[in-house]
Amino acid sequence: MLRRIIALCIKEFIVLLKNRKSRLVLIIPPVAQLIVFGYAATFDLKDVAVAIYNKDQGEFSRQLISHFKGSDVFKIVADLNSENEIATVLTLKKALMVLHFPQDFSRNILKGQSGQVQLLLDGRNSNTALIALNYANTIVADFNKAVADRYGAKVFPATLKVRSWFNEQLDSHWFIIPGIVGLLTIVVTLEVTALSIAKEKEAGTFDQLLVTPFKPIEILIGKSLPGFIIGLLEGSFIIFMACFWFEIPLRGSIVALYFGLLTFLLSAIGIGLMISTIALTQQQALMGAFMFLVPSVVLSGFATPISNMPEIVQKMTLLNPMRYVLIIIRSVFLQGAGMELLWSQYVAMSIIGIISLLIAGMLFKKRVY
Amino acid sequence: MDTSSSFMRLKGLIKKETIQIIRDPSSIGIAFFLPAVLLIIFGYGVSLDAEHVPIGIVIEKPSHEATSFISGFYESDFFRPKIYPDAKKAQYSLMNREIIGFVWIKSDFPKNLLSGESAPIGVILNGVDANQAKIVSGYITGVWMKWLSAYSKDKALSIKVPIEIKHRIWFNAAVRSRNFLVPGLIAVIMTLIGGMLTSLVVAREWERGTMEALLVTPVRIKEVIIGKVIPYFILGMGGMALSVFIAIYIFDVPFRGSFLWLFLASSLFMLTAIALGLIISIASESQFVAGQIAIVITFLPAFMLSGFVFDINSMPLPIQWITHIVAARYFVSILQSLFLAGDIWEIFIKNCMWLFLMAVVLFLIIKKKSHKRLI
């Protein structure tokens, strides 16, 4: 039995790798995407274009502006001379944010009152606007503290000491890049397995396969192994790159990580085989894979948190293996989690894998007899 | 070339293609049903607005002061507080992802408050989801500031913050992330649909062997391409219209621009999406390759590089250059402006020019590639 499975597996690999284009397609896109998306996918801002409308003659506005100039996040792009210009720079996206100092700004501070600065932001991407506002708040808070210290003002009765564990700098690459491990692994695994049986059906060689001494279970295993192996290799490669190229700290146990990757691959090939047995042509198999992939990426917590979704959508994500593997990868990488914190994730993915494999097996048998 | 006979052939091709579409409901399904379903799922599913975020609150020793401080967490819709008697238990919950972080009020908090020194309040966040952590940290600061001004009023302390920020967020005052995500999603979904529709059609023609039959007729290659583009363009625009309808009436995204501009920009974008689909199916002989390429050059770039969630200006420069060949980038920009800000000529014309340029280049590539194939 083992020999037959190996033979089938070798044949599958030959089919996959004999053609130069299909070889390249297995290697180049994941590497290119890892690099491009690894750098592109970030919620951190830099060089945010800021325009200044300063009616104040005093020193405080000048000092605050120089604090903004000194930060990596902001870049002053324009000095405005009238109220009308504010609308122009914001609507035309020349600036994301406008700082507006009223005439009495410095005077009020010297009088011991609060000087008010107005921040106007382009909310067309309100997330970016909120993050920029957060950065601006921090700059102003630091400046306030400096001013208060200098003028011996009363200290606040209580202060917040905020610390972020696992990602002190709150660098969002640390969140996104481990996610790419899951993303690219499922794309390639699902596609290889989804096409495996459909390809034979379309070419008419499926019937030939059935008259060989292979048992259905052997065909299924032989068909799923290549996707499994390729997925494992690509996953490992991306993990390697995440550690050594992007320098994301891998703090937890490799065993816990790989156990997650293996159960994830199990569920991915289960779903891939299911699609492949249902589909009659490669076209349909591809469509099926696509139709599964797109929602499972978008609703996995890859970019936007699952906890923000409505209750019913959150329930739907329980069927999505991406959801679990992302938790495992991120926890192991950043949190240094071991298996004991993650067992429920492993169980959920294994259940999805086993059920989809069983369904694939049943459908396959039905097609055979 | 005789233009009137060319027109006649074209008419025939379009008629044939239309009949095919009507008889095979799968392409109508892809054009209408799919974008509607995807937009509804994603529109509900993709949100950056957190609500009822589980947050731990550690109170080592109950006191009047501690209670007054944490009341802010109960008043806000943003938080769902959970009380812990000591930091150990809160830490455990944090490791288990039950809470995103915790506020730690030590037993000497009331004493420190009165001492004249600043009483420290510890905030510990799970930084794994950095974006979420930043937003939560902002909200905690908000609770703290609100408490601070109430407390100093109460105790008649004269604390004045030197500089106060008054902020206003234009075009989306309620800071509803759906307002910008849904227009962005339309661009992502239409990239997908456009590519899928056309790559399906040409492949089908080859699969059934009817392409060869077409080739022996007097039809020119140009006419074949135009004959394919027009019906699927109309179909794709139908899906587009449906998506806009869903955005406005189901997701309540304001639409402040004009439909004429929307129509013009969508047409240009649809042409690039269809052209991309045609190129994919012409360039790749095997379905496996076509499939990989379709995902690699349509969905993922539209998702990651269009500026729909991730800000393009914050990307490293070489990546910013790459985003210029992602058509969705221009369309996202146009859509977000048309929906939220209105008709802004400069933004519209700049992005439309890029789309136009892309469409021209893509069709030139098609022209070149398909010649090779047919002769």
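The crossing of helices α9(A) and α10(A) is right-handed, meaning the near helix is turned clockwise from the far one by less than a right angle. Helix α9 of chain A covers residues 216-244, and helix α10 of chain A covers residues 254-278. Helices here are DSSP runs, H or I, of at least four residues, and strands are E runs of at least two, numbered from the N terminus.

This is a predicted model: local features need pLDDT of at least 70, side-chain atom pairs count only at pLDDT 80 or more, and totals for chains, interfaces and linings use all residues. Residues are numbered from 1 along each chain as its sequence is written, chains are lettered from A and ligands numbered from 1 in the order written, and side-chain values use heavy atoms, without hydrogens and water.

Back to our pair. Two packed helices are described by the angle between their axes and the distance between the axes. For α9(A) and α10(A), the angle is about 140 degrees, and the axes are 9 Å apart. Axes are lines fitted to C-alpha atoms, for helices over the stretch in contact, and angles run from 0 to 180 degrees between N-to-C directions. The pair is therefore oblique. The scale: under 35 degrees is roughly parallel, over 145 roughly antiparallel, 65 to 115 roughly perpendicular, the rest oblique.

Who touches whom? Contact means heavy atoms within 4.5 Å. From α9(A) come, among them, A:G227, A:F228 and A:G231; from α10(A), residues including A:L261 and A:L265. By class, this contact has 12 nonpolar, five polar and one charged residues. Nonpolar means Ala, Val, Leu, Ile, Met, Phe, Trp, Tyr, Cys and Pro; charged means Asp, Glu, Lys and Arg; the others, Gly among them, are polar.

Next partner. Helix α7 of chain A, residues 173-203, packs with α10(A) at about 35 degrees, axes 8 Å apart. The crossing of α7(A) and α10(A) is right-handed. Among the contact residues are A:T189 and A:L190 of α7(A), and A:L261 and A:L265 of α10(A). The classes are 15 nonpolar, eight polar and one charged.

Now chain B. The axes of α1 (residues 3-23) and α2 (residues 25-45) of chain B come within 5 Å and cross at roughly 85 degrees. That makes α1(B) roughly perpendicular to α2(B). B:I21, B:I22 and B:R23 in α1(B) meet B:P25, B:S27 and B:I28 in α2(B). Of these contact residues, four are nonpolar, one is polar and one is charged.
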